[in-house]
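Dear colleague,

I am passing this structure on to you, and I would be glad if you opened it beside this message while you read. My notes on what was found follow below.

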Amino acid sequence: MGAAPHVAAKGLEHIVMGESTIAYVGGETGELHYRGFPIADLARSASFEGVVHLLLRGRPPAPDELDRLTADLAARRSVPDGVVRVLDALPPGLDPLEAMRTGMSALGDGSFPAPPTLEQGLDLIARTPTLLARHVRRSRHEAVVPPRPDLGHAANYLWMLTGEEPDAARARALEQYLILLADHGMNASTFALRVVLSTGSDLVSAATAALGALKGPVHGGAPALVAAMLDAIGRPAAAPAWIGNALARRDRLYGFGHRAYKTEDPRAIVLHSIARSAASADRLALAEAVEREALPALYRERPGRRLFTNVEYYGAVVLESVGLPPALFTPTFAVARTAGWAAHALEQVADNRLIRPDVSYVGPAAGRSWPAEVARA
Ligand code: ACO
């Protein structure tokens, strides 16, 4: 029971809140691995379901375990009637992320009692795409497309959104995106999830809080802003002036900079290579030209900040190349991250202690008197 250290760390930067065996984020070296498996190898060789097994059970699946988990996740995709009623009561044009958050919260109908279990984690992962796709279809005045148990997680997601079976290359590009975004250590949304769980609360409440944190533009809300930036720049030749003006206004360039990485985000490297085969030649050329211009401009204009391309930059290019509109970029990030949230939920409750940091009080000293004119008689 030591005394509180009372060291202010704005944004909790460099504060270590515990130990984890789930993901290693090497900010200085540009490394990311899940339980020892480098992210690039997982993107090349694993399925999303295999990565779910790795994250939740702590080891890669044996072949029969992978078959069982794939079938199990597929069997859990339907959402309960109560959730359907909540979703269908939402205004059809509501932003998909807002609908997703409400739908996720509605999953908490008593079937996710605390503490979280592995089965609850699988339910969260399996049902999140279904509730999102339902709202998206209704918003477009299209018939809701039920999940298909014969399709993998990524292909089924595209199927439920479009009503068309995606070609293998498209489904695989999305699956690689989901693998790359499945976890990332103590990021803001996972921290939010862990804070909620540390109070003894339940998985759905924690995941809903996590989704609220993911939504912000400096976390998971960035990729639509990357697409908007590329649209606004329009052609490679316009990049120098556009970027120069943005940085002169002290704007942020979305898709660059990261709290952890002081070098290129390893996920950005893999997503760039996926974009090389998945994106249209024009879009790829524009994104590469903007990146070539942005990196030296950030170095010049924000000296000492060490700002590099982050996951959201080529993530946005990959998501649009698989046919998703910008409004679905952050929801798709959340579809991936439910896997990491489930893993962190299990780790948190296995060795829980209330997360309750301190703050340095710098307000007025004690001893003030309440004004007589607003005092109760
Ligand atoms: N463009 C321009 N300047 C930047 C950028 C950027 N992308 N990122 C950071 N800076 C500058 C800030 O203006 C600040 O400079 P100042 O102190 O002179 O004003 C300095 O770098 C430090 O910024 P902080 O926000 O304190 O640094 P932090 O470690 O919190 O930055 C963050 C990380 C929030 C991601 C930031 O780089 C950013 O806003 N990037 C753009 C948004 C983005 O792409 N977000 C997705 C991140 S990836 C993810 O969460 C999945």
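To follow the helix packing you need one definition: an axis is a line fitted to C-alpha atoms, for helices over the stretch in contact, and the angle between two axes runs from 0 to 180 degrees between their N-to-C directions. Please keep in mind throughout that this is a predicted model.

With that definition in hand, begin with helix α5 and helix α6, which covers residues 118-139: the two pack at an angle of about 130°, with their axes 9 Å apart. Angles from 65 to 115 degrees count as roughly perpendicular and those over 145 as roughly antiparallel, and the angle found here therefore makes α5 oblique to α6. The crossing of this pair is right-handed. On the α5 side the contact is made by Pro 96, Ala 99, Met 100, Gly 103 and Met 104, while α6 brings Leu 124, Thr 128, Leu 131, Leu 132, His 135 and Val 136. Sorted by class, these residues of α5 and α6 comprise eight nonpolar and three polar ones, with no charged residue.

Helix α5 (residues 96-106) also meets helix α4 (residues 81-88), and here the axes come within 9 Å and cross at roughly 150°, so that α4 and α5 are roughly antiparallel to each other. This crossing, too, is right-handed. Val 83, Val 86 and Leu 87 of α4 touch Ala 99, Thr 102, Gly 103 and Ala 106 of α5, a set with five nonpolar, two polar and no charged residues.

The remaining pair I looked at is α4 with α6, whose axes come within 10 Å and cross at roughly 35°, again in a right-handed crossing. Val 84, Leu 87 and Asp 88 of α4 are in contact with Leu 131, Arg 134 and Arg 138 of α6. Which classes of residue make up this contact of α4 with α6? It divides into three nonpolar and three charged residues, with no polar one.

Finally, please turn to the ligand, which has 22 residues around it, and of these Arg 252, Leu 253, Gly 255, Phe 256 and Arg 305 come nearest.

Conventions. Residues numbered from 1 in each chain as written. Predicted model: local features only at pLDDT ≥ 70, side-chain atom pairs only at ≥ 80, totals over all residues. Heavy atoms only, no water. Helix = DSSP H or I, 4+ residues; strand = E, 2+ residues; numbered from the N terminus. Parallel < 35°, antiparallel > 145°, perpendicular 65-115°, else oblique. Left-handed = near helix turned anticlockwise from the far one by under 90°. Contact = heavy atoms within 4.5 Å. Nonpolar A, V, L, I, M, F, W, Y, C, P; charged D, E, K, R; others polar. Near = heavy atom within 4 Å.
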